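Visitor: Could you show me how to read strands, burial and contacts in a model like this one?
Guide: Gladly; let us look together.

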Amino acid sequence: MPSPRLAAALAAAATSLVLAAPAAADSIAYIKDGDVWLTTPDGARQFQVTTTGGYDYASQADDGTILALAPNEHLHRMDRFGTVLADFTTPVSDGPPPPAPPHRDDQTTNYFMGPYDPEISPDGTKVSYTYYWQHYTYNPILNVMENRLAGGTAISHADRLTSWDEFGGNLTGWKHGSWVDDDTLMRSDASTPLAEDVVFNDIAPGGGGELRRWYRNARGYQRFDAELNRQQSMMAMSGTAMEPLKEHLALYRLPGGFETEPEACFAIFDDVKRDKPPEAASWSPEGLRLAWQDTQGIWTMAIPDLANGCVAPTDEPRLLIPGAKHPDWGPADVPTARPAAPAAPAAPRGGGAGGPGKGGAAGGAGKLRVTVAKAGLRQALAKGLRIKVTAPAAGRVTATALKGAKTVARGSGRARKIGALSLRLKFGATGRRALRGARRAKLRVVVRAAGTRRTVPVTLAR
């Protein structure tokens, strides 16, 4: 549907929105004056994480771990007080670009640029980053050096140099990686004209990387920086058009999650021509607030729940942090003060079947327990696979079912407190194709909650 101006949208629905109360422990990571900062969503409490300068990008995992782009093309994994836990490079960290080669018929020059926009996965184990590949070659007919620039996305472990082969190779063509969950990456900003604006990849060590083509806008807009909310019900995407006054941030509703075509609802933009569109959108954990950047700084705005249709907003954009960039919203709180002395590293906690966990629950509360309901393969494919989870603490719970390295089903929920909740893992089109015709399927159900992980083997028979 057409995207009306925000002012008209405000006038059309001044009383149609009831907003959820902001979560008390949310935080937004951002970059200002070369350092990493954290702020509460209302801007009332801000905390400077680093003091050395030179940082250009930061993202945060659900447990508060920060992954930042440091000087000299390094990546820094750090805690919320700026303590660097890992300092590593990537295969594209090859230093500054060399000068353009001279006009010589015997010279070809290739080099990488990057990494850019490193995004840590919600569980803090993986990082996606954008790269560019510059290729020069001599054209003897025209007697000139020709160049070609290509781009893509690569995956790394979040604490060490990682070859592309560990995750099935580099992902070419689309950039601006954004994690839908721990095993699914959304990409946008296609390098090839007329390609889809948004695609997905399943990410797993040792393989995966299956490309799922999803959405292409046919109206001549350039679309990039796509971002889903955690509920997979809404999407924000930056865009620009050939006509004036169209640099904007577009909002979409997803009636059936990212398995279905998104529906354009409205756009946020000014009546003044911008140097560049609003970008770097990031959703709040409950999915009803949005942060983004423009040339003035970081803005926030309440977004209506679009589950039942395109509802115009009643809130207006608010400039939260002037002069800041690259907001990344997460569920961890903002520290109130630095510790007097560095804390000793905590002993790792067990994670149950399938290997050690990824750290204990806050306060050491309880253990993560998982029970998979009995079901036949046909029933599971049609109605989903039901599991019962005993969460060790309040917070988001995610579950994925894997066949080998391929994700075939997924589900998520939120534990309001320590205790049991039920989840249903839905098999998408990719999962149904992978299991089509099988009489028996051996799967692994991986459940993550409160920084812990548990893996349960499951066999489904027809």
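This is a predicted model: local features need pLDDT of at least 70, side-chain atom pairs count only at pLDDT 80 or more; totals for chains, interfaces and linings use all residues.

Visitor: What order do the strands of the open sheet have?
Guide: Strands are DSSP runs (E, at least two residues), numbered from the N terminus, and two of them pair if DSSP finds at least two bridges between them. Here four strands pair antiparallel in the order β4-β5-β6-β7. β4 (57-60) and β7 (84-88) are the edges, each with a single partner strand, so one side of each lacks a neighbour in the sheet. Inside it, five bridges join β5 (residues 66-70) to β6 (residues 74-78), with Ile66 opposite Met78.

Visitor: How many residues of strand β9 are buried?
Guide: Buried means under 20% relative accessible area, with a 1.4 Å probe and protein chains only. Eleven of the 14 residues of β9 (residues 126-139) are buried, so the rest of the structure largely encloses this strand. β9 also pairs antiparallel with β10 (residues 144-157) over 14 bridges, and Tyr129 stands opposite Ala154 in β10.

Visitor: Where is Thr50 found?
Guide: Thr50 lies in the loop between β3 (46-48) and β4, and counts as buried at 5% relative accessibility. Its contacts (heavy atoms within 4.5 Å) beyond four places in sequence include Asp35 and Met78.

Definitions and conventions
Residues are numbered from 1 along each chain as its sequence is written. Side-chain values use heavy atoms; hydrogens and water are left out. Buried means under 20% relative accessible area, exposed over 50%, partly exposed in between (1.4 Å probe, protein chains only).
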